[in-house]
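I opened this entry to log what I looked up.

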Amino acid sequence: MKSARFSKYFIPTLREDPKEAEIPSHKLMIRSGMIRKLASGIYEFLPLGWRVVKKIENIIRRRMDEIDGQELFMSALQPRELWDRSGRWDLYGPELFRLQDRQERDFCLGPTHEEVVTSLVASDIKSYKSLPVLLYQFQMKFRDEIRPRFGVMRAREFYMKDAYSFDSDEEGCLKSYRDNVVAYIRIFKDCGLNFIKVEAATGNIGGSSSHEFMVPAGTGEDEIACCSCGYGANTELSSYARPETPDEKETSADEKNLEKVNTPGKKTVEEVASFLNRKPEKFIKTLICETSEGPAAILIRGDHELNLSLAASRLGNIELAGEERVKELTGASAGFAGPSGLKGKVSIIAADRAVTEIKNGVSGANENDFHLVNINYSRDYEADIVGDFRTALPGDLCPVCGKPMEFKRGIEIGHTFLLGEKYSESMGATFTDAGGTEKNMMMGCYGIGVTRIAAAAIEQSHDKEGIIWPVSIAPFHLHIIQISDSVSEFCSSLFEKLSEKYEVLLDDRRESPGIKFKDALLIGCPIIIVVGKKFTGEGKLEIQCRHTGRTELTDPDNIEEKLREIIEI
Ligand code: ATP
Ligand code: MG
């Protein structure tokens, strides 16, 4: 990409943090003139920001091409019929941006492209001879996120690389999946990111196996459990071994009399806990679900979360029951369900181990506006299965090696899914194999949040002055500060010379040195070259490395050699 002169480049930097920005990357992207907000969750990328996005895009493209990916470009505007065929027009919910054309035909703005790509491949690939195929694109995706926030980190319109693999058998599909995982590891390394690969839930994309790539950061929205042995998973689905707990001090002798108390309109654990003045860990949440074995109640401690993956491994496919179904089974609204008296009304009662250890707990009474107080396992209710049903918690041990796991927050930058036949089946993506038999194609899909990577890189690498870009995705490699007009001729020739090898931003504005220094630190190019007092006095250039914070003096004649030593491009 080309070098540029600051005076002619559109970089509207700001001194103050924007009010609505909560996390460093959001603040710094706005302040450094990379992005501007158009509406909630909708951002424009200004030239500086777009340069970074394009660099990330080029890194991804190179690595995708290496695994024989073929770039294409599909439509963002997608007709409803495709989404009806996959069943997702109804399932996707309010995150899908829906609109109508002048003939009142329904469309959506693509949040993802499984439907479009599967229908494309279904109509044009018919034989095993044309498989496998890996297609990818870079495109704006649209999702009406319930809580757009953190700037481009969770936006409603964002730039994604999405890829889709089509294979003729499971073995080929697994190979495609592995190839994409390898490409992802190369991509994130090339982008200069620290990241971890973890097991992940399949969410509303579906499929049988999935991994997320996470950048550890305190501001991340996901929580990951990981271990030095290499195990890692999103805590939503991480399995774990429970540490040995010391014997409960309370015994059955401490069990108090069961009482039914009036809790008008109080449904959530928080509401009832504050109404009854009891701690959430004394509560039993009763989740009514449909499972392959029939209706079930899963009991989770009030301050714990249901681990859908662990629950599914014990109970098969599970889906939380709707309001009406809960009423039909328990006789009360969802917030008032409880385990006592539920036997016979559901096929299975499954309790997380921690629930059975609660002494004198609180649960719903299966009667609207009533809860039971001092409920105890064994005396007041029993479970058909007692096991691990909650999400992993600090203190839990690694399911692979038994060492204590580490818990971190992370930013999901990429996601891979082994889809199998999920979309090819519903959308008729079939082919004839060598023996002439018609079969469903086996698919995988692979997404990378291109614009989210820019934000994640900043979360991972910044200081109080500004961004510290990894060299590979920095908007420019070098930032020359021309301290005054008196050195402009020298700066112009230095700019020309260094631009032969590097991307250079020359700050030739008529601004004070203070402003220029502040902007250079804020924008965060890896190397800042100051043509200032040391130059006019001693004929030396100051080279500042943003990563180490070190400043060195060098003769102008040695500048290229010096740069070769400190920056690798
Ligand atoms: P999340 O759990 O963060 O909502 P997701 O599971 O919905 O992510 P995918 O559907 O797998 O995300 O999308 C692929 C990638 O696109 C994600 O790994 C992430 O990097 C990026 N991404 C997803 N949603 C957004 C968003 N609202 N804004 C920016 N990037 C996003
Ligand atoms: Mg999402």
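I count a polar contact as a pair of N or O atoms within 3.5 Å; within protein, one must be able to donate a hydrogen and the other to accept it, and residues adjacent in sequence count only if both atoms are side-chain atoms. This is a predicted model, in which local features need pLDDT of at least 70, side-chain atom pairs count only at pLDDT 80 or more, and totals for chains, interfaces and linings use all residues. Residues are numbered from 1 along each chain as its sequence is written, chains are lettered from A and ligands numbered from 1 in the order in which they are written, and side-chain values use heavy atoms, with hydrogens and water left out.

**Ligand 1**

I looked up the polar contacts of ligand 1. A polar side-chain atom of His-415 sits 3.1 Å from a ligand oxygen. For Arg-154, a polar side-chain atom is 2.7 Å from an oxygen of ligand 1. Ala-155 uses a polar backbone atom, 2.8 Å from a ligand nitrogen. Of the 580 Å² of accessible area that ligand 1 has on its own, the protein covers 87% (Shrake-Rupley method, 1.4 Å probe; for residues, only the protein chains shown count as cover).

I then listed the shell: 15 residues surround ligand 1, each with a heavy atom within 4 Å of it. Strand β22 (406-420) and β9 (157-167) each give two or more residues. β22 gives the most, with five. Strands are DSSP runs of E, at least two residues; helices are runs of H or I, at least four; both are numbered from the N terminus.

**Salt bridges**

My rule was a side-chain nitrogen of Lys or Arg within 4 Å of a carboxyl oxygen of Asp or Glu. The count comes to 43. Glu-290 pairs with Arg-325, closest N and O atoms 2.4 Å apart. This pair links distant parts of the chain, β15 and α9, 35 residues apart.

Lys-562 pairs with Glu-565 at 3.3 Å. Both lie in helix α16, three residues apart, about one turn. Is Lys-562 buried or exposed? Lys-562 counts as buried because its relative accessibility is 16%, under the 20% limit; exposed means over 50%, and partly exposed in between (1.4 Å probe, protein chains only). Glu-565, at 54%, counts as exposed.

A network of salt bridges links Arg-62, Arg-63, Glu-66, Arg-186 and Asp-190.

**Helix α2**

I checked the length of α2 (residues 47-66). Its 20 residues should span 28 Å, and the end C-alpha atoms are 28 Å apart, which agrees. The expected span is 1.5 Å times one less than the number of residues. Buried residues in α2 include Leu-48, Val-52 and Ile-56. Just after α2, Asp-68 takes a positive phi of about 65°.
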